[in-house]
Amino acid sequence: MAIPTFGPNAVDWETRIDMDRLRDERLARLRASLEQSDLGAVLAFDFANIRYMTSTHIGTWGIDKMIRFSLLVRGGEPIVWDFGSAARHHQLYNPWLDYSKAHSDGDPHGAHHGADARNPSGARAGISTLRGAINPLVGMADSVARKIKHELELYGLLGEPLGVDVIELPVLKALQDAGVTVVDGQQVFLEARRIKTRDEIHLLTHACSMVDAAYENLYEFLRPGVRENECVGVVAKTLYDLGSEYVEGVNAISGERCAPHPHVFSDRIVRPGDPAFFDILHSYNGYRTCYYRTFAVGSASSAQRDAYTRCREYMDEAISLVRPGATTADIVSVWPTAQEFGFADEEAAFALQYGHGVGLSIWEKPVFSRLVSLEHPEVLEEGMVFALETYWPSKDGWGAARIEEELVVTADGCEVITKFPAEELLVAGQRYFTVSGPLSTERDSQSHLNTPAGTRAGRRDEAAGL
């Protein structure tokens with residue numbers, strides 16, 4: 001049965017995404033990951049990890065500022081120290097962070113079970129150094145360290161390692177000066193997030209359905225004379241109109257910019273016969289997409305069509321291998337080596353034949369790459385959600401094809417949740433008609449190379465070595 005999608009509204013006549021269950025199951029997975037580690041607690045500055053732990057969100061404007069942090073200790077409840085009035089908002093509207101009245105037979109979707117006088121509220125005011133913008137003499141890093149040390153002492157965990165995901169150097173030093181042993185905690189978070197809950201899978205699928213719609217609008221818009229940045233605007237508007245929380249990026253790449261892949265859009269004007277590929281990355285209720293499609297604008301050359309066919313074949317071979325028990329090494333073994341498509345080594349070609357987990361972040365576990373997966377394979381499990389992406393340059397030296405599909409690992413295989421058509425190269429833009437009938441959609445962008453005389457002249461030039 002296909003993974004269902006629902007309307008985004010809450011209704012009384014249908015069971016849809018259960019946000020209470022989502023919060024509870026995410027926290028349970030993080031607790032289990034912490035218990036399986038040798039850490040006493042985990043401290044998060046990464047917004048995705050903070051959200052996974054505490055189910056709080058203050059927008060994406062602060063995602064690169066490291067202004068807020070959260071802590072989960074063994075035997076305790078999550079605490080988030082948040083930016084200014086955000087903490088007050090959490091106290092008013094996030095009852096799952098109110099532990100003052102919790103009891104064993106209380107509402108499981110209200111405050112967490114078991115009142116704890118050591119931690120009556122998980123929503124507190126507090127900030128870090130604003131990436132150094134606050135004068136170091138203020139001692140904000142020491143303030144962070146004191147808050148964390150106090151919680152560790154309350155639970156008798158000061159002597160245990162504290163796992164941290166990412167950290168500013170002044171805060172690291174302040175914690176160490178306070179007697180806290182700081183180690184890598186990112187693996188605890190990523191291990192918890194590796195397998196998705198049922199509600200996470202529904203949110204990821206809904207996020208993809210929004211990109212389906214964005215590609216529909218983009219396909220209608222794409223034509224000679226528009227610019228790459230205009231395409232980005234069309235996609236962003238579609239997604240925000242449909243309720244996107246954050247359009248992280250739209251890679252809009254056309255024409256000769258396709259090879260090598262620059263990974264950033266420009267203001268280039270799209271021309272007749274251009275290849276154009278796009279990657280749409282956005283967030284719905286925190287859950288991301290990473291979703292490429294390639295188009296030909298008006299028409300495609302034989303070289304471009306061949307490149308797309310090759311790119312699709314590598315994708316389909318990989319998808320056919322996805323099932324529980326398979327490994328990332330199995331998948332990447334059917335992909336070409338870096339040298340086969342013009343790169344010196346796998347590091348130079350990294351992320352072109354690639355796969356990665358998708359969740360609250362774009363890149364999560366597992367990772368698929370010939371650079372790392374052959375020697376350090378990861379086993380695929382039911383409930384994983386990841387993207388596979390393939391790339392192939394066209395033999396004309398300037399075009400390329402790029403495809404990406406998101407998959408959910410099921411009990412007996414997988415389901416693809418990116419639904420915009422991609423089995424063959426799509427041609428976007430107006431259809432042209434000549435006196436002889438419709439202009440072929442497979443043609444060279446230089447008109448003279450499509451005529452008998454031009455073709456003969458081209459062959460003479462080739463024979464003469466010109």
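## Salt bridges

A salt bridge is a side-chain nitrogen of Lys or Arg within 4 Å of a carboxyl oxygen of Asp or Glu. The side chains of Glu405 and Arg293 form one, at 3.0 Å from N to O. Glu405 sits in strand S14 (residues 400–409) and Arg293 in strand S10 (residues 291–297), so the pair ties together parts 112 residues apart in sequence. Helices (H or I, at least four residues) and strands (E, at least two) are DSSP runs, numbered from the N terminus. Glu405 is buried, with a relative accessible area of 5%. Arg293 is buried as well, at 2%. Here buried means under 20% relative accessible area, exposed means over 50%, and partly exposed lies in between (1.4 Å probe, protein chains only). Salt bridges with shared partners join Arg293, Arg312, Asp316 and Glu405 into one network.

The whole structure holds 26 salt bridges. One of them pairs Arg21 with Asp199, with the closest N and O atoms 2.7 Å apart. This pair links distant parts of the chain: Arg21 is in helix H1 (residues 19–35), Asp199 in helix H7 (residues 198–221), and 178 residues separate them. Arg21 is partly exposed at 21% relative accessible area, whereas Asp199 is buried at 0%. Glu346 and Arg370 also form a salt bridge, their closest N and O atoms being 3.8 Å apart. Both sit in loops: Glu346 between helix H10 (328–332) and strand S11 (354–357), Arg370 between S12 and S13. They are 24 residues apart.

## Model and overall build

This is a predicted model: local features need pLDDT of at least 70, side-chain atom pairs count only at pLDDT 80 or more, and totals for chains, interfaces and linings use all residues. Residues are numbered from 1 along each chain as its sequence is written, and side-chain values use heavy atoms, with hydrogens and water left out.

The protein has eleven helices and 18 strands. Its C-alpha trace spans about 90 × 55 × 45 Å along the principal axes. Of the 466 residues, 52% are buried. Ser320 and Lys65 lie 255 residues apart in sequence and 41 Å apart in space, C-alpha to C-alpha. Ser320 belongs to helix H9 (residues 302–320). Ser320 is partly exposed, at 45% relative accessible area.

## Annotated domain

An unreviewed UniProt entry places the feature "domain: Peptidase M24" at residues 204–411. UniProt positions follow the numbering used here, feature names are shortened, and annotations may be inferred rather than shown by experiment. Over residues 204–411 the chain is 27% helix and 27% strand. The end C-alpha atoms of this stretch are 18 Å apart.

## Largest pocket

The largest pocket holds about 500 Å³ of space. Its lining has 28 residues, with Asp46, Ala48, Ile63, Arg288 and Ser361 nearest the centre. Helix H2 (47–54), helix H6 (186–193) and strand S7 (246–254) are the elements that give two or more residues to that lining. H2 gives the largest share, four residues.

Pockets are found on a 1 Å grid over the protein atoms alone: a cavity is a set of points where a 1.4 Å probe fits but cannot get out, and a pocket is an open set with protein on both sides within 12 Å along at least five of seven lines. Lining residues have an atom within 4 Å of a point. Grid points are joined across faces, edges and corners, and a volume is the space filled by probe spheres set on the points.

## Nonpolar surface patch

Phe350, Trp363, Leu371 and Val372 make a nonpolar surface patch of about 350 Å². Patch residues have over 30% relative accessible area and no salt bridge; like charges are joined within 9 Å, nonpolar side chains (Val, Leu, Ile, Met, Phe, Trp, Tyr) within 5 Å. Accessible areas come from the Shrake-Rupley method with a 1.4 Å probe; for residues, only the protein chains shown count as cover. Val372 lies in the loop between strand S12 (364–368) and strand S13 (385–393). Val372 is partly exposed, at 35%.

## Backbone exceptions

Most residues other than glycine have a negative phi, and most peptide bonds are trans. A cis bond joins Ala259 and Pro260, with omega about 0°. Pro260 is in the loop between S7 and strand S8 (275–284). The bond from Lys365 to Pro366 is also cis, with omega near 0°. Pro366 is in strand S12.

Leu130 has a positive phi, near 55°. Leu130 lies in the loop between strand S4 (123–125) and helix H4 (140–154) and is partly exposed at 30%. Ala351 has a positive phi of about 80°. Ala351 is in the loop between H10 and S11 and is buried at 8%.
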